[in-house]
Amino acid sequence: MSSRITDGLNFLSKLTPGRMLNALKVLSSFYVSKLSKRPVQWGLPVSVSIEPTTSCNLRCPECPSGKREFTRPTGMLQNDFFRSTIDELHKKVAYLIFYFQGEPYLNPKFLEMVAYASGKGIYTATSTNAHYLNDANAKKTVESGLDRLIISIDGTTQETYEQYRIGGDLKKVLEGAENIIRWKKELKSKTPHVIFQFLVVKPNEHQIEEVKALAKRTGVNEVRFKTAQIYDFENGNPLIPTIGKYSRYKQDENGKYGIKNQLLDHCWKLWHSTVITWDGLVVPCCFDKDATHQLGDLKNTSFTELWQGNAYTNFRASVLRSRSEIEICKNCTEGTKVFT
């Protein structure tokens, strides 16, 4: 049985009757909203992204965290707040992503929080630059019950890797991945499902085949290629790849670049998922990196009340009315991972 199938079966095993019923409610409300052009929301989110920290050790050029450009504060998700949030949502939420901005392993309580969510039977995932996957952390990661570990590896040589992962050390990344694989074997664990994620940009596009071979040698479960979100793209950008399949942007007859995706006036993310910052702010999706569209604050309001509240309802209504008028939607492309 392939590792992807095993991972898929693992996720399905987390779908309790309550979570399946909730997912059906969410899906139904999305289609009712899409057809009626009126925001209707039944159920609670199927997927939640929660941010362990905004801090990061790298300085990637298209990342607000890496560029230190946030206007919102930098901080660490607190364990007690996290637990109270999970206690409210765990009977409905099937998928928990420990990532928004920043490097999760910089939060000293990160793996304790993973273990708590795993104990509630939620499928857990995170994305890391893998610089902190030393032997001890690798063992704790496997023991935590983490279901999916995405390792960002945007080059197969240090020279290429550091062009985007500024300040990064490819050797540490590979050692971290190897530590995880070794501890999975030692502990006879099928999890986490380990993914090499390769953000395709012009400086590394020549290494696409090489990273597949590297992943095979390292023993990770799969490779995924992701297109890069670029903020200043209209007049071209040295990061835009030449291979069209891996670019979010295309050039028009006037030499200007535009986003490939058509901005349809609906968005599945607004119905099935949510994003919670380290300090309890709720924002629409992962494109609102600086939390400019705050839909509520969990320090003051329960999530259920907030999810059905006026701010969320009004934002969903604006998406159904004209998504192109919302700034964070203008550079949005859903489905930007390329499976191999």
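Modeller: Start with strand pairing: two strands pair if DSSP finds at least two bridges between them. Strands (E, at least two residues) and helices (H or I, at least four) are DSSP runs, numbered from the N terminus. This is a predicted model, where local features need pLDDT of at least 70, side-chain atom pairs count only at pLDDT 80 or more, and totals for chains, interfaces and linings use all residues. Residues are numbered from 1 along each chain as its sequence is written, and side-chain values use heavy atoms, with hydrogens and water left out.

Biologist: Which strand joins β4 through 5 bridges, and in which sense do the two run?

Modeller: Strand β5 does, and β4 (residues 148–152) runs parallel to it. Within that pairing, Ile151 stands opposite Phe196 of β5. Strand β5 also pairs with β6, again in the parallel sense, over 6 bridges. There, Leu199 faces Lys226 of β6.

Biologist: How many of the residues of β5 are buried?

Modeller: Take the rule: buried means under 20% relative accessible area, exposed over 50%, partly exposed in between (1.4 Å probe, protein chains only). In β5 (residues 193–200), 8 of the 8 residues are buried, so the strand is largely enclosed by the rest of the structure. Both of its faces are covered. On one side sit His193, Ile195, Gln197 and Leu199. On the other are Val194, Phe196, Phe198 and Val200.

Biologist: What joins Thr191 and Pro192?

Modeller: A cis peptide bond, with omega at about 0 degrees. Pro192 belongs to the loop between α7 (170–186) and β5.

Biologist: Which residues have a positive phi without being glycine?

Modeller: Ala130 is one of them, at about 70 degrees. Look for Ala130 in the loop between β3 (123–128) and α5 (135–144). Its relative accessible area is 1%, so Ala130 is buried. Ala291 has a positive phi too, about 55 degrees. The loop between β10 (281–283) and β11 (296–297) holds Ala291. With 4% relative accessibility, Ala291 also counts as buried.

Biologist: On to rings. How many aromatic pairs are there?

Modeller: The general idea is that a pair of aromatic rings is described by the distance of the centres and the angle of the planes. Rings of Phe, Tyr and Trp (its six-membered ring) pair if their centres lie within 6.5 Å; planes under 30 degrees apart count as stacked, over 60 as edge-to-face and the rest as tilted. A search of the whole structure gives 14 such pairs. Phe233 and Tyr249 make a stacked one, 4.5 Å centre to centre with 25 degrees between the planes. This pair links distant parts of the chain, 16 residues apart: Phe233 in the loop between β6 (222–227) and β7 (249–251), Tyr249 in strand β7. Both residues, Phe233 and Tyr249, are buried.

Biologist: Which residues form an aromatic cluster?

Modeller: Phe30, Tyr31, Trp268 and Trp271 form one.

Biologist: Which charged residue lies over the face of Trp271?

Modeller: A charge sits over a ring if NZ of Lys or CZ of Arg is within 6 Å of the ring centre and within 35 degrees of the ring normal. Arg316 lies over Trp271, at 5.8 Å from the ring centre. Arg316 also lies over the face of Trp307, at 4.5 Å from that ring's centre.

Biologist: How many salt bridges does the rule count?

Modeller: Side chains of opposite charge can pair when their charged atoms come close. The rule asks for a side-chain nitrogen of Lys or Arg within 4 Å of a carboxyl oxygen of Asp or Glu. The count comes to 12 salt bridges. Take Lys14 and Asp147, whose closest N and O atoms are 3.6 Å apart. Lys14 is in the loop between α1 and α2 (17–36) and Asp147 in the loop between α5 and β4, so the pair ties together parts that are 133 residues apart in sequence. Lys14 counts as buried at 14% relative accessibility. Asp147 is buried as well, at 2%.

Biologist: Which residue forms a salt bridge with Asp154?

Modeller: Arg165, with the closest N and O atoms 2.6 Å apart. Asp154 lies in the loop between β4 and α6 (158–164) and Arg165 in the loop between α6 and α7, 11 residues apart. Asp154 is buried at 1% relative accessibility, and Arg165 is buried at 13%. Elsewhere, salt bridges that share partners join Arg4, Glu222 and Arg224 into one network.
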